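Subject: Structure handover and what was found in it

Dear colleague,

Please find the structure below, together with its sequence.

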Amino acid sequence: MKARQIVEEMDSYVPGRSQDEIAQDFGLKKEDIIKLGSNENPWGPSPKALKAIEEEMSAINRYPESQLHELVEEIAKYSDVDTSQVIVGGDGADEIIDVLAKTFIDNGDEFIVPLPSYMYYEYLLKQYGAKPVYARWDLDENRLDVDSIYEKISPKTKMIFLCSPNNPTGTLIEKETLREIASKNPEILIVIDEAYFEYSEVTNKDLIDEFDNIFIIRTMSKVLGLAGMRIGYGLACSQIIEYMHRIKPVFSLTRLSFVAALNTFRDSEYIESSIKRGIESRQYLYDEVSKIDGLYVFPSKSNFMLIRVKDTGFTASELAHELMKRGVIVRDCTSFKGLDEYWIRISICTLEEDERFIEILKEVLS
Ligand SMILES: Cc1ncc(COP(=O)(O)O)c(C=O)c1O
């Protein structure tokens, strides 16, 4: 039995490794493993979300809400937009990207991604017959090479993905640059991925009132501490949102995810403290890694940072393997297009874990 042509040609996506996998592979205790590989919130979810999940458990024999009104209202309030400008997804921001693709992509369309960036855009859009066209991040200058985007625009370009702060570089894109790209290309959807915007304390959500070709991606997997519940949302003009609602999976947000999301947005103390602690951890890791010979670390506006390891004599996979043996998970970026085999990405942890990580890193490199 043959699959669709595109499926025959596709490779599986390579996600960050989990604590369970590493515990099993290296004979370690799961609770001793420090996970700096997937840009999560290391302080756990909001206690209010946990309580709400417990209370909702006995109702899981019933289908979830399909309209999600209460949650849409909370998101609109949190994002300072109108409820008609919000869509919620139940497999995280990844579902939002999938619904965007289903709504706008025709076979043969092109989309532009400056590399390196989040690889899931390509993984999803290819499934709908779209072709990735690569622009570039200037890694020497640590900024988006805007001209490389203009050079790649063709009559077939349907979307441009701009991640800000960018995963994995941690770099912001200037609002003026986004405005310029959107205004010069009214027929192209400019998708701004703000999965990590809270850590940068900058948002471009005001651009959705100015432009009907801007879409903002957001997630509850990062600062909001709900990666395991898989909740994402998108912000755009109401016409885009209305099109997307026509084809979005109706029950993708489970009852438990719904109440977890609702109660996290209502817990502003938790959100503020997650941002504050995340920024402190980022600063600590940046300062300490910068002092280690042979490592070059990018300054970051996110909850992770990109590190060049070439001068240590290790490749990224060798270094990641050595760290894993000692119970530390980092992201080996070898599978990221636009990077060679000498880059790893680390994300924030509790200060205690950060200190242990730095100790282990020094031990491996010495
Ligand atoms: C830039 C970026 N966008 C989107 C996502 C997807 O997030 P979610 O967990 O909500 O699917 C991620 C996850 O790591 C990400 O790094």
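In what order do the 5 strands of the open sheet stand? The order is β1-β12-β13-β11-β10, with mixed pairing; strands here are DSSP runs of E of at least two residues and helices are runs of H or I of at least four, numbered from the N terminus, and two strands pair if DSSP finds at least two bridges between them. Because β1 (34-36) and β10 (296-297) stand at the edges with a single partner strand each, one side of each has no neighbour in the sheet.

Before going further, please note that this is a predicted model, in which local features need pLDDT of at least 70 and side-chain atom pairs count only at pLDDT 80 or more, while totals for chains, interfaces and linings use all residues. Residues are numbered from 1 along each chain as its sequence is written.

Within this sheet, β11 (residues 304-308) pairs with β13 (residues 343-347) in the antiparallel sense over 5 bridges, and I307 stands opposite I344 in β13. Helix α13 (residues 268-290) packs on the sheet, where it touches β10, β11 and β13, and its direction makes about 10° with that of β11; contact means that the C-beta atoms of two residues, placed from the backbone, lie within 7 Å, and axes are lines fitted to C-alpha atoms (for helices over the stretch in contact), with angles running from 0 to 180 degrees between N-to-C directions. Helix α15 (residues 351-365) also packs on the sheet, touching β1 and β12 (328-332), with its direction at about 90° to that of β1.

A further open sheet has 8 strands in the order β2-β9-β8-β7-β6-β3-β4-β5, and its pairing is mixed as well. Here β2 (86-89) and β5 (143-144) are the edge strands, each with a single partner strand, so one side of each is left without a neighbour in the sheet. Strands β8 (residues 214-219) and β9 (residues 232-236) run antiparallel and are joined by 5 bridges, with R218 opposite Y233 in β9. Helix α8 (residues 175-184) packs on this sheet, touching β5, β6 (157-163), β7 (189-193) and β8, and its direction makes about 155° with that of β7. Helix α11 lies across β2, β8 and β9 and runs at about 35° to β2.

Turning to the helix pairs, α11 (residues 238-247) also packs against α5 (residues 92-104), at an angle of about 95° and with the axes 9 Å apart. These two helices are therefore roughly perpendicular (angles under 35 degrees count as roughly parallel, over 145 as roughly antiparallel, 65 to 115 as roughly perpendicular and the rest as oblique). The contact is made by V99, L100, K102 and T103 of α5 and Y243, M244 and I247 of α11.

Helix α12 (residues 255-265) takes part in two of the pairs described here. With α4 (residues 69-79) the angle is about 30° and the axes are 10 Å apart, and α4 and α12 are therefore roughly parallel. The residues in contact are E70, L71, E74, I75 and Y78 of α4 and F258, A261, L262 and F265 of α12. With α3 (residues 47-56), the axes come within 8 Å and cross at roughly 150°, which makes α3 roughly antiparallel to α12. That contact is made by K48, A49, A52, I53 and E56 of α3 and R255, L256, V259, A260, N263 and T264 of α12.

Most residues other than glycine have a negative phi, and most peptide bonds are trans. The bond from L115 to P116, however, is cis, with omega near 0°, and P116 lies in the loop between β3 (110-115) and α6 (120-126). The bond from N167 to P168 is likewise cis, with omega near 20°, and P168 is placed in the loop between β6 and α8. L68, which is not a glycine, has a positive phi of about 60° and lies in the loop between α3 and α4.
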